[in-house]
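I opened this notebook to record what surrounds the ligand and what lines the pocket. My entries follow in the order in which I looked things up.

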Amino acid sequence: MRGAESLQKLTIAMPKGRIFEESLVFLREAGVVIEENSKDSRKLIIPVPHFQMEFILAKPADVPTYVEYGVADVGVVGKDVLLEEDRDVYELLDLEIGRCRMVVAGLAEYQPAVHPRVATKYPAIASRYFRKQGQQVEVIKLNGSVELAPLIGLAERIVDIVSTGQTLRENGLVELEHICDITTRLIANRSSYRMKSEAVDNIAQKFMQVIPKTGVPG
Ligand code: PRP
């Protein structure tokens with residue numbers, strides 16, 4: 001049975017990897033200390049009973065799904081994933097880390113094709129963007145190493161995130177169009193936001209306290 005204590009316990013969905021590690025730095029600065037070795041372990045659920053929190057570690061694209069269905073009360077996720085997954089969640093806060101941009105890229109000598117093809121890990125974002133531009137393109141979904149596509153003739157252009165620009169440069173590609181800027185966001189389940197408002201506010205406040213200190217381009 002769920003008592004008053006467990007009602008306020010907060011389950012936080014985090015993508016495994018870089019965002020989780022950056023978020024741990026955030027939380028540590030805000031006074032929430034998670035076991036140092038947690039990030040290296042293979043555990044998918046990390047309880048932090050002292051702070052009435054638990055973290056579930058997920059694939060980035062699944063974080064909004066866990067939050068929409070309420071198995072996580074809040075989540076930390078990139079705006080790229082939010083735009084792609086289009087889940088019914090409440091966007092609470094821009095954490096201003098993980099800064100990058102969503103772009104259209106291709107070879108410098110790119111020539112528009114009669115039947116243009118665009119390769120991407122973000123088919124929804126790419127389709128929406130080209131529809132808005134009034135351009136008909138075939139969107140080809142890939143799961144990674146998207147920069148390969150123009151090099152081997154799969155597609156003339158790609159839609160992908162660019163952070164340092166190193167991957168584009170090393171593969172002889174250039175940014176052609178800027179779609180939008182991306183940062184990491186704190187999201188909440190709509191009913192947790194009402195039913196656990198104190199706990200949700202508490203974590204949002206903790207994040208807010210440290211944004212100005214660590215909110216540098218990630
Ligand atoms: C992302 C993105 C680019 C790269 C951009 O890929 O899809 O490939 O990072 O970063 P940069 O501008 O700093 O070079 P990720 O590392 O997630 O790997 P993936 O291509 O296998 O998805």
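Entry 1. I began with the lining of the largest pocket, where α4 (79-85) supplies the largest share, four residues. Helices (H or I, at least four residues) and strands (E, at least two) are DSSP runs, numbered from the N terminus. I noted that α2 (18-29), α4, β9 and α7 each supply at least two residues of this lining.

Entry 2. I recorded the source of the model: it is predicted, local features need pLDDT of at least 70, side-chain atom pairs count only at pLDDT 80 or more, and totals for chains, interfaces and linings use all residues. Residues are numbered from 1 along each chain as its sequence is written, and side-chain values use heavy atoms, with hydrogens and water left out.

Entry 3. I looked up the volume of the largest pocket and found about 780 Å³ of space. A pocket is an open set of points on a 1 Å grid over the protein atoms alone, where a 1.4 Å probe fits, with protein on both sides within 12 Å along at least five of seven lines; lining residues have an atom within 4 Å of a point. The volume is the space filled by probe spheres set on the points, which are joined across faces, edges and corners. Of the 36 lining residues, Asp80, Val81, Lys121, Tyr122 and Ile161 are the closest to the centre.

Entry 4. I then checked polar contacts (pairs of N or O atoms within 3.5 Å). A polar side-chain atom of Lys121 lies 2.4 Å from an oxygen atom of the ligand. For Asp160, a polar side-chain atom lies 2.7 Å from a ligand oxygen atom. Ser163 instead places a backbone N or O atom 2.8 Å from an oxygen atom of the ligand.

How values were computed:
Polar contact = N/O pair within 3.5 Å; in protein donor to acceptor, adjacent residues only side chain to side chain.
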